[in-house]
Amino acid sequence: MTAELPRARNGRAPDVFRRDGWVPMRCHADHETVDFAIVGTGAGGGTLAARLAEAGFSVVAFDAGPFWRPLDEFASDEAEQQKLYWTDDRITGGADPIALGGNNSGRGVGGSTIHFSMISLRWRPEWFKARSRLGYGFDWPISYEEVAPYYEEVEEALKVSGPVNYPWGGKRRRYPYRAHPVNAAGLVLARGAERLGIEWSSVPLATVSAPRGKSPPCVYRGFCNFGCSTNAKQSVLVAWIPRALRAGAEIRDMAMVGRITLAPNGRVRGLEFQREGSWHFQHARNVVVAGYAIETPRLLLNSACRQFPQGLANSSGLVGTHLMTHSGPGVWATFEEEVRWYKGPPNMAVTEHWNYHDEDKDFPGSYAFMSQGPLPRAWAQIVTTNRGLWGSALQQEMRKYNHMAGLVPVGETEPRPENRVELAEEEDQYGLRIPRVLFSYSDNDRRLIEHSKRTMAQFLEAAGGRDLWESKDTSHLLGGCRMGSDPATSVVNADGRSWDVPNLWICDGSLFPTCGGVNPSLTIQALACRIADRIKTLASRGEL
Amino acid sequence: MNPMHLTRYGRSLRTHLPRARNGDLRGNATAGASYARYDVLAKWDTPSFDDLTRSVIAARLEEVPPICFLSPDEVRLLDLVLARLLPQPERSRPIPITPWIDDMLNRNQGEGYRLDGLPPLRETWRKGLAALAAEAALTGPGGFSGMSKTEQDRLLRNVQLGEVLAEWPVPAAHFFTHVLLKTAADIYYSYPDAWSEIGFGGPASPRGYVRLGFDERDSWEAKRA
Ligand SMILES: Cc1cc2nc3c(=O)[nH]c(=O)nc-3n(C[C@H](O)[C@H](O)[C@H](O)COP(=O)(O)OP(=O)(O)OC[C@H]3O[C@@H](n4cnc5c(N)ncnc54)[C@H](O)[C@@H]3O)c2cc1C
Ligand code: SF4
């Protein structure tokens, strides 16, 4: 059966833990009104589907992509696994256009966590109050203290493997599973850090270091960005979707949501989705959008109607604006020793020093940086696009592969209105207007990038690296539908609930008012758990 | 995958694909290592390859798609250009790059985004190749195929730097680096011969790796010649 045909239907869904296996799934008719229709099953939507179903709500979660069985369908091969990415047409512009596709966007049940690097870090507590505590960006409408129990819940749900004592952040319990051994690529960072007297740590990772249920321990095969073929990785597909199904949620794969429909009473009625070439309508008491920072604003903009001519839930005009990415300039060096950085998860050592120390900075903002492990195809892209090498010079450079190491930061960028998602005139295969993404770095972003390149170069040199060179890149996408405490300056409130349409919610990376200096998925999942609890509370008070 | 397939691409695969290597590329770390005696496909029947990966790689090696989209002239030009971007004179069976570019264009499946102002995938390639041909025609009546390798390299370098004379409806430097070169390198480094050349471990499922430290090597990893 090809992955491009829906599989989750007729009362069953693929069993991610068994070859050719199935698990039972509760199904709902289109005309049946469900409590929650969720658009997207990634870090935000998949987590929320499980938590809401476990709270007893009827849930249908839609995903435009396939419902994979990793054991059957994830090859150890970069080219083959491009099938995990969102590759529908998008336009990227601005002074610093962001690379999209596999660089940041997944398509399939489990979302971008299918191909993420599993780095599971908490926010620096002060970032939730960036404006009032640190003097830049915006305050979040919630505090670290409110999110902390949910961080703990998610770390437990993913059995995050991490060090006994993690050097940064608030007081915390030890990680559920023991830390992974650090590969040579990570030991380069460690050596640099120790010689410079700066703290480093092994990275807390959402891949298990010991057997867990049907997940075997990680075998350090290094293909994490191309899907984990063994299920050691605790992606949303493996960690939350089975819970959602057990609790009675329906997952509809290969189902692209094209429009959310508003009733005359100002409440959402349901949504239109395309599956197997035809359009259907799902009635719902509530709709949650969780399509990530490009598709979430795009869907709201494409759902413009008489009451909301500039986009559904967009009376503020902020939908799609304040889009952020993490800057990710690389610094690379050659080492006398063999590093063989293809072994192990790609990022095994980190320093969050510049997330927690603000003294020597010439910019407000933060960054962490990690060791790297690109596979050959990805490495060739970095070498060709940044060095412009070709011919035998390229082949010669690529032969240094096993002696290379490098560092890449997760660099904060400022939330600015001009960085945004808008609609282009062109339409996609569903007849929906495609997104245009505009992004430019601010002067401040550029100072942060330069600072990070200097410190990373110091690390590599201290570790014995030679012939240093730099590359440009970005990683995660955040913002576009930010949460806040004022309807005039935000799209949703702290519960992810639209200020304009009371039964419309957002639950994904687009909620972020600022983007911090760590990878976002732990925070997205913690927010999803918190939103689920808030919905439960509001329901019990009759306030949905 | 069916068992037929497995036997077909099983043990015989190595002998089936004659290999040749650069003999003169030994060197120290900074000059680039040589793994002349390493062949990632030698692991075909070991726990580093699972059935799915075997079938995916067998298809890449054996089911190279026929040209469907590009014209014969475009194919000829692309073949010549790719021979400069990723030369492989030493290989009796060179890694095929043009057919996979054609296949991508035929399926109209790019990487999912394009720069504001650029036309869609197929048009970008068509226009870029036409401009490259026009650029070559400006330097001599023989066009790209009439040039020596040195002249071809000089022309390509100018295109890479955006120092062009012809009309380029897609920016020359962008087309060269982000469309042509990046795609060519993607395809080249998706082939086992290229993995062997750089000493990459290759497929690693279900067996991964055990020895992760500096200068540590599992017995199933590449050894320097
Ligand atoms: C290579 C890579 C490495 C990463 N590494 C890390 C890491 O180590 N740590 C970390 O914290 N983060 C990492 N990330 C980022 C992380 O994966 C994302 O930030 C996170 O998954 C975003 O969650 P989300 O719920 O907002 O969206 P996603 O997880 O992307 O989920 C969105 C889903 O919605 C679906 N969808 C969108 N629109 C529609 C529609 N209209 N109809 C139906 N379905 C729709 C999509 O198909 C997709 O499955 C990485 C990302 C990449 C690309
Ligand atoms: S290194 Fe571990 S987590 Fe990554 S793909 Fe391999 S087994 Fe999965």
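1. In strand S1 of chain B, Arg114(B) is the bridge partner of Ile91(A). The strands involved, S5(A) and S1(B) (residues 114–115), pair in the parallel sense over two bridges, where pairing requires that DSSP finds at least two bridges between two strands; helices (H or I, at least four residues) and strands (E, at least two) are DSSP runs, numbered from the N terminus.

2. This is a predicted model, in which local features need pLDDT of at least 70 and side-chain atom pairs count only at pLDDT 80 or more, whereas totals for chains, interfaces and linings use all residues. Residues are numbered from 1 along each chain as its sequence is written, chains are lettered from A and ligands numbered from 1 in the order in which they are written, and side-chain values use heavy atoms, with hydrogens and water left out.

3. As for the extent of the interface, 67 residues of chain A are in contact (heavy atoms within 4.5 Å) with 62 residues of chain B. Between them the two chains bury about 5,400 Å², 57% of it on carbon and sulfur atoms, buried area being the accessible area (1.4 Å probe) that two parts lose on being put together, summed over both.

4. Seven salt bridges are counted between chain A and chain B, each being a side-chain nitrogen of Lys or Arg within 4 Å of a carboxyl oxygen of Asp or Glu. One of them joins Lys343(A) to Glu221(B), with the closest N and O atoms 2.8 Å apart.

5. Several elements of chain A give two or more residues to the side that touches chain B, including helix H5 (184–196) and strand S17 (433–438); H10(A) gives the most, with six residues.
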